[in-house]
Amino acid sequence: MSASRLLTLDKTNPDFLKYIWGTFSAEERALPLQSLNVNSETEQVTFEIVKTFRPAFMEMFVQTLKIRNLYLGLAPLFFVLVKNALDETLGDEILAVFSALAVIFLQMGIELANDVQDHVRGLDRVHPRAGNPALKKAWFSARDLKNTSWVLIAVGGCLGLPSLIIFPEIFVLLLPLFVLGFWGALSDRMGFKYRSWSEWVVFMMFGPLLTIGYQISIGGGFDLEVVALGCLTGWLTVFQVHLKNFDQLMVNSQAGFNNTMVRLGFEKSKSLIVIWWILFVVGLVIYQVIYSQPVWQWIFAAALIAGAVPMIFAVSKLEVSVGSRIHKAVQVATRASQFALTLWVLQNIWFLLVLEGVL
Amino acid sequence: MSSIKIFDPKDFPSYLPKLNLLYDDLFTGGKGFRAKLIHIFCETLKAPHQTEQLLAQTIEFIHNASLLHDDLIDRSALRRGKTAAWLKYNPEYAVLAGDYLLARVMVNLSGFGNIRLVQYTAEVISDLLEGEWLQDSLVGDYDVKLPELDRVHNLKTASLFKWCLRAPFIALEKYDEELHHALEEMGTLLGELFQRSDDLLDFDVRNHEGKALLGDLKSGYFNSFASFVAEDLGSEVRRELKKSENLDQFFQHIGGKEVFSRKLEAFDQINQKKIDLYQHHVNTLERKVGADLARQMRPLTNILYWRKAP
């Protein structure tokens, strides 16, 4: 990096938007440099001007679209699909595939739009978790990603259109999300993403709204089980949000984010994580008691309790909010949630194999 | 130093002889680098002598209060080649003397009447203490990463550099946002570079002052360079590093002196990028304040990171 390749611009500068959106050049990208001064994102931005770089396609595809996060939407869809296959309430299979693809495209599109918003608002300069690798590594401009996000959302919308036409009641479920999405896009510099109640939006998006909507779209109608299923998947997703926010408690607190972890503080956040997980374990076991065979109740109860012990121990004994110890505790907790989800997926694969007569 | 010691007649009353002795001990031998930085700015800005004296006293008092407390927390026996205050007197006196310095800062600054300066100074003291606290909680953490240490150093070390650069402007009620943004970033970079260079002394790199080697590591603290060297090493090796009695053993643990040299080169390279960024912000200072001040600020990275004589 030579000094001539650095550029600081005030947000009132007429060229500022060209640099932040990356439209100033086709061959170069302007990378906003990270700053440790968490309140410095508002007025001036220092850019490093670098040549556009394109890595291998797969790396670019996987990281830009955050493929690793897709399981959050796919797992609930899979559970609903298997449930309806078992209940013999699966209507049109093509419609089921279209709806699932719609969810995948919408999730990728919304995440991308969020990353662009973080970039434009400057949050990716001060928050290590914010932003998209494609922007931080000069693969694409913010404008490219914004356009891509619109394409993904449009494709998702088109794929979901047949279900919406056949089952217009899904509109009622989607309406609150549209309203929140618009509000988020138009709100102040932090948007709603870094506020406490956004966690409940995540809960609804990856929980009841997703499972109920998907079941309706595949012709399964509405029942209590799909609500319970959604509550559990939403609860699990918010658990992961809490873990990320807990891991970044210091930065979030300094940056003035108002999420639940910041509001509760370190000690109470530890308690919330443990209580959140215990409630999930209890909820999932009760779900198995009501909707599954006795053997699964015992398998889930034994496995989840065994998996919870190291997690509760790691989180409870934590004394500092910085350094590697908090990351390790969060890793243990993340592994516990991944273990629970894997077990749940395996159970559903088992059901499918039994249904198909393989077992 | 006497001009820094007494700003107000009530500073260091003679009926507290031990406090005066402790203070004189502490200040003798210090380079007064931060006060010199204040002088450069005040001279350029043509600040009244009283203002410069107040600012110089403030920064030296805060810095020395942190040293008094730091030595006690770290159980360091020496400060500037002499017995540390907590050992020479006792821990209680060292704590009280540090508290007294901070209290005098607030008394004198509030008397100056610039509420923004008082608030900013209080924030810096708060950052400093947060940084101290966080750094202490990282003792024994052998897997700590460089970006996490940077955040702690930004609070603990860089906050005072930021204050030195911004406070003269605030004292003179010059609040240009673009300028303060540049000064804030420059202070952060200077603090970071100074801390990283200081951490290198532990490994006998540019150690012209003859500082004791491996002090941080032996006390269980992975400083920025140790953390950088260990980034590719497994947990077991990281724990072994702590047991290094001397540099040869340290080299052995990380795979030889060549590995150390390569790591040092890479470390210098990432810091050179920070130096380039610092110089870029000096351009803003030059445009906003003048070439003379910029000319004096440019060599600071040579002094603070490369440890070259001014």
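Q: What is the area buried between chain A and chain B?
A: In this predicted model, the contact draws 28 residues from chain A and 28 residues from chain B. The size of an interface is often given as the accessible area lost when the parts come together. Carbon and sulfur atoms give 52% of that area between chain A and chain B, and the whole is about 2,300 Å².

Q: Which side chains meet in a salt bridge between chain A and chain B?
A: Between the two chains the count is one salt bridge, and the distance in it, taken from N to O, is 2.3 Å. The side chains that meet there are those of Lys328(A) and Asp143(B).

Q: Which element gives the largest share of the side of chain A that touches chain B?
A: The elements that give two or more residues to this side of chain A are β1 (6-10), β3 (44-51), α12 (249-255) and α16 (324-355). The residues of that side divide into 13 nonpolar, 12 polar and three charged. The largest share, four residues, comes from α16(A).

Q: Why is chain B as compact as a globular protein of its length?
A: Chain B has 17 helices and two strands. For its 310 residues the globule rule gives 19 Å, and chain B is as compact as a globular protein of that length because its radius of gyration is close to that value, at 20 Å.

Q: What percentage of the residues in chain B is buried?
A: The C-alpha trace of chain B spans about 55 × 50 × 30 Å along its principal axes. Counting residues under 20% relative accessible area as buried, the share among the 310 residues of chain B is 56%.

Key
Residues are numbered from 1 along each chain as its sequence is written. Chains are lettered from A and ligands numbered from 1 in the order in which they are written. This is a predicted model: local features need pLDDT of at least 70, side-chain atom pairs count only at pLDDT 80 or more; totals for chains, interfaces and linings use all residues. Side-chain values use heavy atoms; hydrogens and water are left out. Contact means heavy atoms within 4.5 Å. Buried area is the accessible area (1.4 Å probe) that two parts lose on being put together, summed over both. A salt bridge is a side-chain nitrogen of Lys or Arg within 4 Å of a carboxyl oxygen of Asp or Glu. Ala, Val, Leu, Ile, Met, Phe, Trp, Tyr, Cys and Pro count as nonpolar, Asp, Glu, Lys and Arg as charged, and the others, Gly among them, as polar. The radius of gyration is taken over C-alpha atoms; the globule rule is 2.2 Å times the number of residues to the power 0.38. Buried means under 20% relative accessible area, exposed over 50%, partly exposed in between (1.4 Å probe, protein chains only).
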